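Subject: Structure handover

Hello,

Here is the structure for you to look over. My notes come after it.

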Amino acid sequence: MQHETDNRGRREFLRSSLLAAAGAATLPSLLPAEAGTTANDATTEIPTREFGRTGLTLPVLGMGGSAMVDRWAAGYGVKLGSIDERAAMVRYAYDKGLRFFDTARVYSESETIMGRGLKGIRDKVFIATKVAAPEPAGVRKSVEESLKQLDMSAVDLVQIHSPAIERIGFDKSMKLHAELVKLRDEKMLRFIGLTTHVAFETVYKMICTGGFDQVLLAYGYFNKGMDTLLSHRNLELREMCLAKAHDQHMAIVAMKVLGASIFGHNAKNLLPDFDKTALARLPGAAIRWTLHDERVSMLNIGVSLPADVDKNIAMLKGDLKLTNDDRLLLAEFSGRAYENDKIKNMKTVKQEDREELARC
């Protein structure tokens, strides 16, 4: 019955998305318009924040591309639609006012989906992707392949991806940065960023170089990265990253706001006996917890279904004050979730305190 309902909802979405009116106020042209670019823009209720030193002000809600791919769907507790349905979902998000779309070379079909969904409105959106090449020689090839899959001549932001940073460390990661600078000079990208789920010590040192415009950090109430738990020291290092990035007026984007399968669709599977009404309130509480930090420029939240777009936007309407009820709910659910065998069996990331951090 649930499967039939989901399919019916997707069919209704596909029909309605063709007729949807366009969303947020027009952004200044981010890149030279692609051929045939058209867009009709209306106002939206999504709050905006300054996006670091880029000169842009963007809606605080961005669309993450990792939750819309087959590779990780089961972990998010959802059944995805077809490629065309997911592309229509991306366009629907634009129509509803989202302007920041984040994907990556390693997110399987995500770049293709994003490219199809944003066809014809390239100059109205901010596109971010990532490069995880372990060697400098692979950077250009990675970016060129991203542009091919996105069907775009350039992107707004390329980030050095956390998996690469974790593998190769500071010195080699900065060599990747040097290659991205060359591609920026060639106008294949506008801004350079970096990301991490757990490598906060290395990322802190990279931020200290002053060579980055943006940082994407795992920053949610639940203390985990992608599939690891964070130690107290790791959390301290994350705070150092946030503080230093803010000092440098970098754009700070928060990912894992919903804990990557903790507070979203999978919450009911994680704690099946938890009150259903309270479960429905969890995502909003998690969003308000992260947005409560005014240093955060944007929430990059992965989307799997069209309804996710509407739910996330609805949570950003009205009073965004983090309430005591929010805190109690997050604490109660998380306290029980940490006792779940799946969570208890996760590796905890630990990092040593190193003297050079204090001199940054």
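Below are some notes on a helix pair, a cysteine and a valine.

This is a predicted model: local features need pLDDT of at least 70, side-chain atom pairs count only at pLDDT 80 or more, and totals for chains, interfaces and linings use all residues. Residues are numbered from 1 along each chain as its sequence is written, and side-chain values use heavy atoms, leaving out hydrogens and water.

First, the helix pair. Helices are DSSP runs (H or I, at least four residues), numbered from the N terminus. Helix 3 (residues 83-95) and helix 11 (residues 306-315) have axes that come within 9 Å and cross at roughly 20°. Axes here are lines fitted to C-alpha atoms over the stretch in contact, and angles run from 0 to 180 degrees between N-to-C directions. Helix 3 is therefore roughly parallel to helix 11 (angles under 35 degrees count as such). Met89, Tyr92 and Ala93 of helix 3 make the contact with Pro306, Val309 and Asp310 of helix 11. Contact means heavy atoms within 4.5 Å.

Next, the cysteines. The structure holds zero disulfides (pairs of cysteine sulfur atoms within 2.5 Å). Cysteine 241 is in no disulfide; its nearest cysteine sulfur belongs to cysteine 208, 8.4 Å away. Cysteine 241 counts as buried because its relative accessibility is 0% (buried means under 20% relative accessible area, with a 1.4 Å probe and protein chains only).

Last, valine 203. Helix 7 (residues 200-208) holds this residue. Valine 203 counts as buried, at 0% relative accessibility. Leaving out residues up to four places away in sequence, valine 203 touches Ile165, Leu194, Thr195, Thr196, Val215, Leu217 and Cys241.

Best wishes

Conventions: Helices (H or I, at least four residues) and strands (E, at least two) are DSSP runs, numbered from the N terminus. Angles under 35 degrees count as roughly parallel, over 145 as roughly antiparallel, 65 to 115 as roughly perpendicular and the rest as oblique. Buried means under 20% relative accessible area, exposed over 50%, partly exposed in between (1.4 Å probe, protein chains only).
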